[in-house]
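My notes follow in the order I made them.

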Amino acid sequence: MTRRRRSTVRTLLTGALALGLVTSATAGAYAGTSRAPQNHGTVRTASADADCSGSVSLYGTLADGRLTYSQIDPSTGNRLKTHIGPDLGFVPRALATLNFNTLLATDASGTLYRIDVKTNNLSLALMSAPTPIGTGWTHDKLVYDGHGHLYGTAGGVLLQYLVSQPKPAGSQHIGQRRVIGTGFVLKALASTGDDRLVANTDDGRLLEYRISDAGTWTSSQLAAANWSGFSKLVSPGGGLYYGVTAAGGMYWYQDLNPSDGAGSDIIYHNDDPVDLSGWTQALLSAEAETATCVGRQYSYVLPHSAVSRGELDDPHHDYAAIDIPVPTGTPVYAVTRGTVGHIDGGFGNGITLTDVNGVTYIYGHLDSRGVATGTTVAPGQYLGKSGNTGQSTGPHLHFEIRIDGVKHCPQQQLLALYDGATPPAPSSLPTSGCSY
(Lines give C-alpha, C1' and ligand atoms only; values in the text may rest on other atoms or scores of the structure.)
Protein backbone atom coordinates (compact mmCIF):
# COMPACT_ATOMS: atom_id res chain seq x y z
CA MET A 1 0.00 0.00 0.00
CA THR A 2 1.52 3.37 -0.95
CA ARG A 3 2.06 6.24 1.48
CA ARG A 4 -0.50 8.27 -0.49
CA ARG A 5 -3.04 5.47 -0.22
CA ARG A 6 -2.42 4.95 3.50
CA SER A 7 -2.99 8.65 4.11
CA THR A 8 -6.20 8.57 2.07
CA VAL A 9 -7.47 5.50 3.91
CA ARG A 10 -6.79 7.00 7.33
CA THR A 11 -8.69 10.15 6.36
CA LEU A 12 -11.62 8.10 5.10
CA LEU A 13 -11.66 5.93 8.18
CA THR A 14 -12.20 8.93 10.42
CA GLY A 15 -15.40 9.75 8.57
CA ALA A 16 -16.49 6.13 8.16
CA LEU A 17 -16.02 5.35 11.83
CA ALA A 18 -18.09 8.39 12.74
CA LEU A 19 -20.84 7.22 10.41
CA GLY A 20 -20.79 3.68 11.77
CA LEU A 21 -20.02 1.94 8.50
CA VAL A 22 -16.95 0.23 9.95
CA THR A 23 -15.87 -0.68 13.45
CA SER A 24 -12.70 0.24 15.23
CA ALA A 25 -11.55 -3.37 14.84
CA THR A 26 -11.90 -2.94 11.08
CA ALA A 27 -9.72 0.15 11.13
CA GLY A 28 -6.61 -1.87 11.85
CA ALA A 29 -7.22 -3.97 8.76
CA TYR A 30 -7.57 -0.89 6.54
CA ALA A 31 -4.27 0.55 7.64
CA GLY A 32 -2.30 -2.68 7.28
CA THR A 33 -0.66 -4.31 4.30
CA SER A 34 -3.20 -5.25 1.66
CA ARG A 35 -3.56 -8.91 0.84
CA ALA A 36 -5.85 -10.36 -1.81
CA PRO A 37 -8.32 -13.01 -0.69
CA GLN A 38 -7.12 -16.44 -1.73
CA ASN A 39 -10.46 -17.56 -3.11
CA HIS A 40 -10.54 -15.29 -6.14
CA GLY A 41 -6.98 -14.31 -7.03
CA THR A 42 -5.44 -15.22 -10.40
CA VAL A 43 -2.01 -15.01 -11.96
CA ARG A 44 -2.59 -11.40 -12.98
CA THR A 45 -1.76 -8.65 -10.53
CA ALA A 46 -1.31 -4.93 -11.04
CA SER A 47 -0.67 -1.94 -8.85
CA ALA A 48 -0.30 0.76 -11.45
CA ASP A 49 -3.17 3.19 -11.82
CA ALA A 50 -5.56 2.71 -14.73
CA ASP A 51 -6.15 5.57 -17.19
CA CYS A 52 -9.76 6.16 -16.22
CA SER A 53 -11.86 9.28 -15.73
CA GLY A 54 -15.37 10.15 -14.58
CA SER A 55 -16.77 8.89 -11.30
CA VAL A 56 -17.81 5.68 -9.59
CA SER A 57 -21.03 6.31 -7.68
CA LEU A 58 -22.33 3.43 -5.58
CA TYR A 59 -25.60 3.32 -3.66
CA GLY A 60 -26.29 0.59 -1.14
CA THR A 61 -28.51 -0.46 1.70
CA LEU A 62 -27.52 -1.81 5.07
CA ALA A 63 -29.24 -4.80 6.66
CA ASP A 64 -31.46 -2.47 8.71
CA GLY A 65 -32.73 -0.62 5.62
CA ARG A 66 -30.53 2.48 5.82
CA LEU A 67 -29.27 3.94 2.54
CA THR A 68 -25.56 4.45 1.80
CA TYR A 69 -23.63 6.33 -0.85
CA SER A 70 -19.96 5.86 -1.72
CA GLN A 71 -17.71 7.38 -4.34
CA ILE A 72 -14.51 5.83 -5.70
CA ASP A 73 -11.78 7.34 -7.85
CA PRO A 74 -11.84 5.23 -11.06
CA SER A 75 -8.18 5.91 -11.83
CA THR A 76 -6.76 4.72 -8.50
CA GLY A 77 -9.41 2.57 -6.81
CA ASN A 78 -9.33 4.84 -3.76
CA ARG A 79 -12.62 5.32 -1.91
CA LEU A 80 -13.24 9.06 -1.74
CA LYS A 81 -16.21 9.17 0.62
CA THR A 82 -19.00 7.18 2.19
CA HIS A 83 -22.25 8.59 3.59
CA ILE A 84 -24.93 6.76 5.53
CA GLY A 85 -28.42 8.15 5.03
CA PRO A 86 -31.84 7.63 6.56
CA ASP A 87 -33.86 4.50 7.10
CA LEU A 88 -35.97 3.82 3.99
CA GLY A 89 -38.83 2.47 6.06
CA PHE A 90 -38.46 -1.01 4.57
CA VAL A 91 -35.67 -3.51 3.95
CA PRO A 92 -34.97 -3.66 0.20
CA ARG A 93 -34.66 -7.01 -1.52
CA ALA A 94 -33.27 -5.68 -4.84
CA LEU A 95 -31.80 -2.30 -5.80
CA ALA A 96 -31.05 -0.52 -9.10
CA THR A 97 -29.67 2.97 -9.78
CA LEU A 98 -31.50 4.85 -12.56
CA ASN A 99 -29.45 8.03 -12.20
CA PHE A 100 -27.55 9.98 -9.58
CA ASN A 101 -30.74 11.06 -7.78
CA THR A 102 -33.12 8.17 -8.50
CA LEU A 103 -33.14 4.57 -7.31
CA LEU A 104 -35.54 1.66 -7.68
CA ALA A 105 -35.93 -0.87 -4.88
CA THR A 106 -38.23 -3.75 -4.06
CA ASP A 107 -39.33 -5.10 -0.69
CA ALA A 108 -40.05 -8.64 0.47
CA SER A 109 -43.73 -8.35 -0.57
CA GLY A 110 -42.85 -7.44 -4.18
CA THR A 111 -43.64 -3.73 -3.98
CA LEU A 112 -41.49 -1.57 -6.26
CA TYR A 113 -40.45 1.82 -4.87
CA ARG A 114 -38.90 4.89 -6.45
CA ILE A 115 -36.40 6.51 -4.11
CA ASP A 116 -35.48 10.15 -4.73
CA VAL A 117 -32.20 11.04 -3.04
CA LYS A 118 -29.97 14.05 -2.60
CA THR A 119 -26.33 13.89 -1.63
CA ASN A 120 -23.31 16.13 -1.45
CA ASN A 121 -19.84 16.01 0.07
CA LEU A 122 -21.21 15.95 3.58
CA SER A 123 -24.52 14.12 3.72
CA LEU A 124 -27.06 11.77 2.16
CA ALA A 125 -30.79 12.37 2.48
CA LEU A 126 -34.14 11.62 0.86
CA MET A 127 -36.01 14.26 -1.10
CA SER A 128 -39.24 12.56 0.02
CA ALA A 129 -40.44 9.26 1.40
CA PRO A 130 -39.99 6.30 -0.99
CA THR A 131 -42.85 6.22 -3.52
CA PRO A 132 -44.54 2.86 -4.24
CA ILE A 133 -44.98 2.56 -8.02
CA GLY A 134 -45.83 -1.11 -8.61
CA THR A 135 -46.50 -4.57 -7.21
CA GLY A 136 -45.58 -8.10 -8.19
CA TRP A 137 -41.85 -7.33 -8.39
CA THR A 138 -40.51 -10.56 -6.90
CA HIS A 139 -37.06 -10.24 -8.47
CA ASP A 140 -34.00 -11.24 -6.50
CA LYS A 141 -31.79 -8.88 -8.55
CA LEU A 142 -32.31 -5.61 -10.45
CA VAL A 143 -29.83 -3.65 -12.61
CA TYR A 144 -30.20 -0.70 -14.96
CA ASP A 145 -28.06 -0.36 -18.10
CA GLY A 146 -28.22 3.45 -18.40
CA HIS A 147 -29.99 3.24 -21.77
CA GLY A 148 -33.61 2.69 -20.81
CA HIS A 149 -33.53 -1.00 -19.97
CA LEU A 150 -34.07 -2.42 -16.50
CA TYR A 151 -33.07 -6.05 -16.05
CA GLY A 152 -34.07 -8.42 -13.30
CA THR A 153 -33.90 -12.08 -12.41
CA ALA A 154 -36.63 -14.10 -10.72
CA GLY A 155 -36.40 -17.85 -10.29
CA GLY A 156 -33.58 -18.05 -12.83
CA VAL A 157 -35.55 -16.11 -15.49
CA LEU A 158 -33.93 -12.97 -16.94
CA LEU A 159 -36.47 -10.22 -17.62
CA GLN A 160 -36.16 -6.89 -19.43
CA TYR A 161 -38.26 -3.76 -18.90
CA LEU A 162 -38.35 -0.42 -20.71
CA VAL A 163 -37.95 2.63 -18.46
CA SER A 164 -39.26 5.68 -20.30
CA GLN A 165 -38.83 8.38 -17.63
CA PRO A 166 -35.92 9.37 -15.37
CA LYS A 167 -38.37 9.37 -12.45
CA PRO A 168 -40.98 6.73 -13.29
CA ALA A 169 -44.35 7.11 -11.61
CA GLY A 170 -45.75 3.67 -12.31
CA SER A 171 -46.37 0.99 -14.91
CA GLN A 172 -46.91 3.67 -17.56
CA HIS A 173 -43.20 4.46 -17.28
CA ILE A 174 -41.83 0.94 -16.65
CA GLY A 175 -43.31 -1.58 -19.03
CA GLN A 176 -42.85 -3.80 -22.08
CA ARG A 177 -41.94 -6.76 -19.91
CA ARG A 178 -39.93 -9.24 -21.96
CA VAL A 179 -38.55 -12.65 -21.02
CA ILE A 180 -34.95 -12.84 -22.23
CA GLY A 181 -34.17 -16.38 -21.14
CA THR A 182 -34.11 -19.01 -18.43
CA GLY A 183 -31.31 -20.68 -16.50
CA PHE A 184 -29.90 -17.40 -15.17
CA VAL A 185 -28.96 -18.73 -11.75
CA LEU A 186 -26.38 -16.12 -10.82
CA LYS A 187 -24.59 -15.15 -7.64
CA ALA A 188 -24.33 -11.44 -8.49
CA LEU A 189 -25.43 -9.37 -11.48
CA ALA A 190 -24.31 -5.97 -12.80
CA SER A 191 -24.71 -3.94 -15.97
CA THR A 192 -21.64 -2.73 -17.86
CA GLY A 193 -23.52 -0.63 -20.40
CA ASP A 194 -26.16 -0.64 -23.13
CA ASP A 195 -27.86 -4.07 -22.98
CA ARG A 196 -24.73 -5.62 -21.50
CA LEU A 197 -24.54 -7.53 -18.24
CA VAL A 198 -21.81 -9.18 -16.22
CA ALA A 199 -22.34 -11.84 -13.58
CA ASN A 200 -20.51 -14.38 -11.46
CA THR A 201 -21.66 -17.85 -10.50
CA ASP A 202 -21.31 -20.11 -7.49
CA ASP A 203 -18.82 -22.28 -9.37
CA GLY A 204 -16.53 -19.28 -9.91
CA ARG A 205 -17.19 -18.27 -13.52
CA LEU A 206 -17.31 -14.65 -14.64
CA LEU A 207 -19.79 -14.26 -17.50
CA GLU A 208 -20.82 -11.48 -19.86
CA TYR A 209 -24.23 -11.31 -21.51
CA ARG A 210 -25.24 -9.21 -24.51
CA ILE A 211 -28.91 -8.72 -25.33
CA SER A 212 -29.99 -7.87 -28.86
CA ASP A 213 -32.80 -5.53 -29.92
CA ALA A 214 -34.86 -8.63 -30.69
CA GLY A 215 -34.46 -9.90 -27.15
CA THR A 216 -32.06 -12.73 -27.91
CA TRP A 217 -28.88 -13.11 -25.92
CA THR A 218 -25.32 -14.35 -26.24
CA SER A 219 -22.80 -15.04 -23.51
CA SER A 220 -19.03 -15.02 -23.16
CA GLN A 221 -16.95 -16.54 -20.41
CA LEU A 222 -14.52 -13.93 -19.10
CA ALA A 223 -13.05 -16.25 -16.47
CA ALA A 224 -13.49 -19.97 -15.89
CA ALA A 225 -12.89 -19.95 -12.14
CA ASN A 226 -11.95 -17.98 -9.02
CA TRP A 227 -14.80 -15.41 -9.03
CA SER A 228 -17.09 -17.22 -6.58
CA GLY A 229 -15.76 -15.20 -3.64
CA PHE A 230 -17.82 -12.13 -4.56
CA SER A 231 -21.23 -11.76 -3.01
CA LYS A 232 -21.82 -8.46 -4.83
CA LEU A 233 -20.63 -7.20 -8.21
CA VAL A 234 -21.05 -3.70 -9.68
CA SER A 235 -19.72 -1.79 -12.67
CA PRO A 236 -19.75 1.91 -13.63
CA GLY A 237 -18.72 1.05 -17.19
CA GLY A 238 -15.31 1.62 -18.74
CA GLY A 239 -14.39 -2.02 -18.22
CA LEU A 240 -14.22 -1.50 -14.44
CA TYR A 241 -15.57 -4.23 -12.16
CA TYR A 242 -15.89 -3.99 -8.38
CA GLY A 243 -16.48 -7.11 -6.30
CA VAL A 244 -17.34 -7.38 -2.61
CA THR A 245 -16.43 -10.48 -0.65
CA ALA A 246 -18.49 -12.04 2.12
CA ALA A 247 -15.95 -10.58 4.56
CA GLY A 248 -16.71 -7.07 3.29
CA GLY A 249 -13.57 -6.44 1.25
CA MET A 250 -13.92 -4.60 -2.06
CA TYR A 251 -11.57 -5.39 -4.94
CA TRP A 252 -11.37 -3.72 -8.33
CA TYR A 253 -10.49 -4.87 -11.83
CA GLN A 254 -10.08 -3.32 -15.25
CA ASP A 255 -10.94 -5.07 -18.50
CA LEU A 256 -8.60 -3.34 -20.96
CA ASN A 257 -10.87 -4.20 -23.88
CA PRO A 258 -14.40 -4.73 -22.57
CA SER A 259 -15.83 -5.08 -26.06
CA ASP A 260 -13.83 -8.17 -27.06
CA GLY A 261 -15.86 -10.67 -25.03
CA ALA A 262 -12.68 -12.05 -23.47
CA GLY A 263 -11.21 -11.77 -20.01
CA SER A 264 -7.57 -12.51 -20.80
CA ASP A 265 -6.77 -8.78 -20.60
CA ILE A 266 -8.41 -8.12 -17.23
CA ILE A 267 -5.97 -6.37 -14.90
CA TYR A 268 -6.27 -7.59 -11.32
CA HIS A 269 -5.58 -5.10 -8.51
CA ASN A 270 -5.61 -7.70 -5.74
CA ASP A 271 -2.57 -6.10 -4.10
CA ASP A 272 -4.32 -2.71 -3.92
CA PRO A 273 -7.99 -3.20 -2.99
CA VAL A 274 -10.48 -0.40 -2.56
CA ASP A 275 -10.86 -1.54 1.07
CA LEU A 276 -9.86 -4.71 2.88
CA SER A 277 -13.13 -4.75 4.81
CA GLY A 278 -16.03 -2.55 5.87
CA TRP A 279 -18.40 -2.98 2.91
CA THR A 280 -21.28 -4.30 5.00
CA GLN A 281 -24.11 -3.33 2.66
CA ALA A 282 -26.70 -6.01 2.00
CA LEU A 283 -27.25 -4.56 -1.49
CA LEU A 284 -25.00 -2.47 -3.74
CA SER A 285 -25.73 -0.71 -7.03
CA ALA A 286 -23.66 1.43 -9.41
CA GLU A 287 -24.75 4.33 -11.56
CA ALA A 288 -24.28 3.08 -15.11
CA GLU A 289 -21.64 4.36 -17.55
CA THR A 290 -20.17 7.06 -15.35
CA ALA A 291 -16.54 6.00 -15.86
CA THR A 292 -14.50 5.77 -19.04
CA CYS A 293 -11.08 4.20 -19.49
CA VAL A 294 -8.47 4.20 -22.19
CA GLY A 295 -5.81 1.61 -22.76
CA ARG A 296 -2.46 2.40 -21.17
CA GLN A 297 0.72 2.34 -23.20
CA TYR A 298 3.07 2.32 -20.23
CA SER A 299 3.04 1.45 -16.54
CA TYR A 300 5.48 1.88 -13.68
CA VAL A 301 7.54 -1.26 -13.03
CA LEU A 302 7.22 -1.49 -9.22
CA PRO A 303 4.74 -0.62 -6.48
CA HIS A 304 5.16 3.08 -5.72
CA SER A 305 5.86 2.26 -2.10
CA ALA A 306 8.76 -0.05 -2.95
CA VAL A 307 11.44 2.63 -3.31
CA SER A 308 11.75 6.41 -3.07
CA ARG A 309 11.77 8.53 -6.21
CA GLY A 310 15.33 9.58 -5.46
CA GLU A 311 16.62 6.06 -6.09
CA LEU A 312 15.47 6.37 -9.71
CA ASP A 313 17.71 9.39 -10.18
CA ASP A 314 20.85 7.39 -9.39
CA PRO A 315 22.49 5.69 -12.40
CA HIS A 316 24.08 2.87 -10.30
CA HIS A 317 25.99 1.69 -13.40
CA ASP A 318 28.69 3.14 -15.65
CA TYR A 319 26.51 2.13 -18.60
CA ALA A 320 22.89 2.64 -19.61
CA ALA A 321 21.01 0.62 -17.00
CA ILE A 322 19.78 1.01 -13.45
CA ASP A 323 19.81 -1.11 -10.33
CA ILE A 324 16.84 -0.34 -8.08
CA PRO A 325 17.36 -1.60 -4.50
CA VAL A 326 14.18 -3.34 -3.39
CA PRO A 327 13.64 -6.25 -0.99
CA THR A 328 13.40 -9.78 -2.35
CA GLY A 329 9.81 -10.62 -3.19
CA THR A 330 8.77 -7.14 -4.40
CA PRO A 331 6.21 -7.44 -7.25
CA VAL A 332 7.55 -6.44 -10.66
CA TYR A 333 5.24 -5.23 -13.44
CA ALA A 334 5.32 -4.98 -17.24
CA VAL A 335 6.35 -1.51 -18.35
CA THR A 336 4.42 -1.82 -21.63
CA ARG A 337 2.57 -4.33 -23.78
CA GLY A 338 4.92 -6.93 -25.17
CA THR A 339 6.06 -10.53 -25.44
CA VAL A 340 7.89 -12.21 -22.59
CA GLY A 341 11.16 -14.08 -22.90
CA HIS A 342 13.38 -15.72 -20.28
CA ILE A 343 17.11 -15.08 -19.92
CA ASP A 344 19.60 -16.52 -17.46
CA GLY A 345 23.34 -16.23 -16.98
CA GLY A 346 24.42 -13.12 -15.11
CA PHE A 347 20.82 -11.91 -14.98
CA GLY A 348 19.83 -14.92 -12.88
CA ASN A 349 16.10 -15.39 -13.28
CA GLY A 350 15.79 -12.71 -15.94
CA ILE A 351 12.87 -11.62 -18.09
CA THR A 352 12.86 -9.80 -21.42
CA LEU A 353 9.82 -7.88 -22.62
CA THR A 354 9.80 -6.94 -26.30
CA ASP A 355 7.20 -4.50 -27.64
CA VAL A 356 5.74 -4.25 -31.16
CA ASN A 357 8.46 -1.80 -32.19
CA GLY A 358 11.24 -4.18 -31.23
CA VAL A 359 12.24 -2.33 -28.06
CA THR A 360 13.41 -4.83 -25.43
CA TYR A 361 13.18 -4.23 -21.69
CA ILE A 362 15.30 -6.41 -19.40
CA TYR A 363 14.40 -7.30 -15.82
CA GLY A 364 17.31 -8.94 -14.03
CA HIS A 365 17.97 -10.97 -10.86
CA LEU A 366 14.34 -11.91 -10.15
CA ASP A 367 13.67 -14.27 -7.30
CA SER A 368 10.95 -15.94 -9.37
CA ARG A 369 9.27 -15.49 -12.73
CA GLY A 370 5.48 -15.27 -12.83
CA VAL A 371 4.84 -15.52 -16.58
CA ALA A 372 5.84 -18.07 -19.19
CA THR A 373 8.02 -17.32 -22.15
CA GLY A 374 6.01 -16.32 -25.23
CA THR A 375 3.24 -14.76 -23.14
CA THR A 376 1.87 -11.40 -24.30
CA VAL A 377 1.35 -9.12 -21.32
CA ALA A 378 -0.37 -5.76 -20.81
CA PRO A 379 1.11 -2.67 -19.13
CA GLY A 380 1.05 -3.16 -15.38
CA GLN A 381 0.72 -6.93 -15.55
CA TYR A 382 2.58 -8.95 -12.94
CA LEU A 383 5.86 -10.46 -14.19
CA GLY A 384 7.42 -11.91 -11.07
CA LYS A 385 9.18 -11.08 -7.81
CA SER A 386 12.45 -9.21 -7.44
CA GLY A 387 15.38 -11.04 -5.95
CA ASN A 388 19.12 -11.59 -5.74
CA THR A 389 19.85 -14.27 -8.36
CA GLY A 390 22.67 -14.39 -10.90
CA GLN A 391 25.60 -11.99 -10.67
CA SER A 392 24.15 -9.88 -7.91
CA THR A 393 25.60 -8.55 -4.65
CA GLY A 394 22.26 -7.81 -2.98
CA PRO A 395 18.49 -7.77 -3.55
CA HIS A 396 17.55 -5.36 -6.35
CA LEU A 397 15.87 -5.03 -9.74
CA HIS A 398 18.19 -4.53 -12.70
CA PHE A 399 16.30 -2.68 -15.45
CA GLU A 400 17.53 -1.68 -18.88
CA ILE A 401 16.23 -0.81 -22.34
CA ARG A 402 17.77 -2.06 -25.59
CA ILE A 403 17.00 -1.00 -29.15
CA ASP A 404 18.80 -3.03 -31.82
CA GLY A 405 21.19 -4.18 -29.11
CA VAL A 406 22.04 -0.62 -28.00
CA LYS A 407 21.35 0.25 -24.36
CA HIS A 408 19.33 3.41 -23.64
CA CYS A 409 19.29 5.08 -20.22
CA PRO A 410 15.99 4.11 -18.51
CA GLN A 411 15.94 6.70 -15.72
CA GLN A 412 13.91 9.43 -17.43
CA GLN A 413 11.28 6.89 -18.45
CA LEU A 414 11.02 5.50 -14.92
CA LEU A 415 10.86 8.97 -13.35
CA ALA A 416 8.00 9.98 -15.67
CA LEU A 417 6.07 6.78 -14.94
CA TYR A 418 6.61 7.20 -11.21
CA ASP A 419 5.16 10.72 -11.48
CA GLY A 420 2.21 9.58 -13.58
CA ALA A 421 3.45 11.56 -16.60
CA THR A 422 3.80 10.46 -20.21
CA PRO A 423 7.29 9.00 -20.59
CA PRO A 424 9.67 9.93 -23.40
CA ALA A 425 9.89 7.57 -26.34
CA PRO A 426 12.53 4.87 -25.73
CA SER A 427 14.39 5.89 -28.90
CA SER A 428 14.80 9.42 -27.53
CA LEU A 429 16.56 8.25 -24.38
CA PRO A 430 20.34 8.83 -24.28
CA THR A 431 22.82 6.00 -24.68
CA SER A 432 25.54 7.53 -22.50
CA GLY A 433 26.04 10.09 -19.76
CA CYS A 434 23.34 8.52 -17.67
CA SER A 435 23.86 10.64 -14.57
CA TYR A 436 21.02 12.94 -13.61
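I call a residue buried under 20% relative accessible area, exposed over 50%, and partly exposed in between, using a 1.4 Å probe and protein chains only. This is a predicted model, so I kept local features to pLDDT of at least 70 and side-chain atom pairs to pLDDT 80 or more, while totals for chains, interfaces and linings use all residues. Residues are numbered from 1 along each chain as its sequence is written, and side-chain values use heavy atoms, with hydrogens and water left out.

**Overview**

I looked up the secondary structure and found three helices and 33 strands. Helices (H or I, at least four residues) and strands (E, at least two) are DSSP runs, numbered from the N terminus. Of the 436 residues, 57% are buried. The accessible surface is about 16800 Å², and carbon and sulfur atoms hold 50% of that. These areas come from the Shrake-Rupley method with a 1.4 Å probe; for residues, only the protein chains shown count as cover. Next I checked contacts, meaning heavy atoms within 4.5 Å. Among contacts with a separation of 6 or more, 57% join residues 24 or more positions apart.

**Aromatic pairs**

I counted 16 aromatic pairs in the structure. Rings of Phe, Tyr and Trp (its six-membered ring) pair if their centres lie within 6.5 Å; planes under 30 degrees apart are stacked, over 60 edge-to-face, and the rest tilted. F184 and W217 make an edge-to-face pair, at 5.0 Å centre to centre with 65° between the planes. F184 sits in the loop between β13 and β14 (188-193) and W217 in strand β17 (residues 217-223), so this pair ties together parts 33 residues apart in sequence. Is F184 buried or exposed? F184 is buried, at 4% relative accessible area. W217 is partly exposed at 35%.

The pair W227 and Y253 is tilted, because the ring centres are 4.9 Å apart and the planes stand at 50°. W227 is in the loop between β17 and β18 (230-237), and Y253 is in strand β20 (residues 250-255), 26 residues away. W227 is buried at 0%, and Y253 is buried at 1%. I also noted that ring pairs link W227, F230, Y253 and Y268 into a cluster.

**Salt bridges**

The structure holds 11 salt bridges. I count one when a side-chain nitrogen of Lys or Arg is within 4 Å of a carboxyl oxygen of Asp or Glu. R79 and D275 form one, with the closest N and O atoms 2.6 Å apart. R79 is in strand β4 (residues 79-87) and D275 in the loop between β21 (266-268) and β22 (283-286), 196 residues apart. Both ends are buried: R79 at 3%, D275 at 2%.

K167 meets D116 at 3.1 Å, N to O. Why does this pair tie together parts of the chain? K167 lies in the loop between β12 (157-163) and β13 (174-181) and D116 in strand β7 (residues 112-119), so the parts joined are 51 residues apart in sequence. K167 is partly exposed at 35%, whereas D116 is buried at 6%. Shared partners join R114, D116 and K167 into one network.

I also looked up D64 and R66, which meet at 2.9 Å, N to O. D64 is partly exposed at 40%, and R66 is partly exposed at 28%.

I traced an open sheet with the order β25-β31-β29 and antiparallel pairing. β25 (331-333) and β29 are at the edges with a single partner strand each, so one side of each has no neighbour in the sheet. Two strands pair if DSSP finds at least two bridges between them; β25 and β31 have three. V332 has G384 in β31 as its bridge partner.

S386 is in the loop between β31 (382-385) and β32 (397-403). S386 is buried at 0%. Beyond four places in sequence, S386 touches residues including V332, H365 and D367.

**Nonpolar core**

A nonpolar core is a set of buried Ala, Val, Leu, Ile, Met, Phe, Trp, Tyr and Cys residues joined through side-chain atoms within 4.5 Å. The largest has 31 residues, and V335 and F399 are among those with the most contacts inside it.
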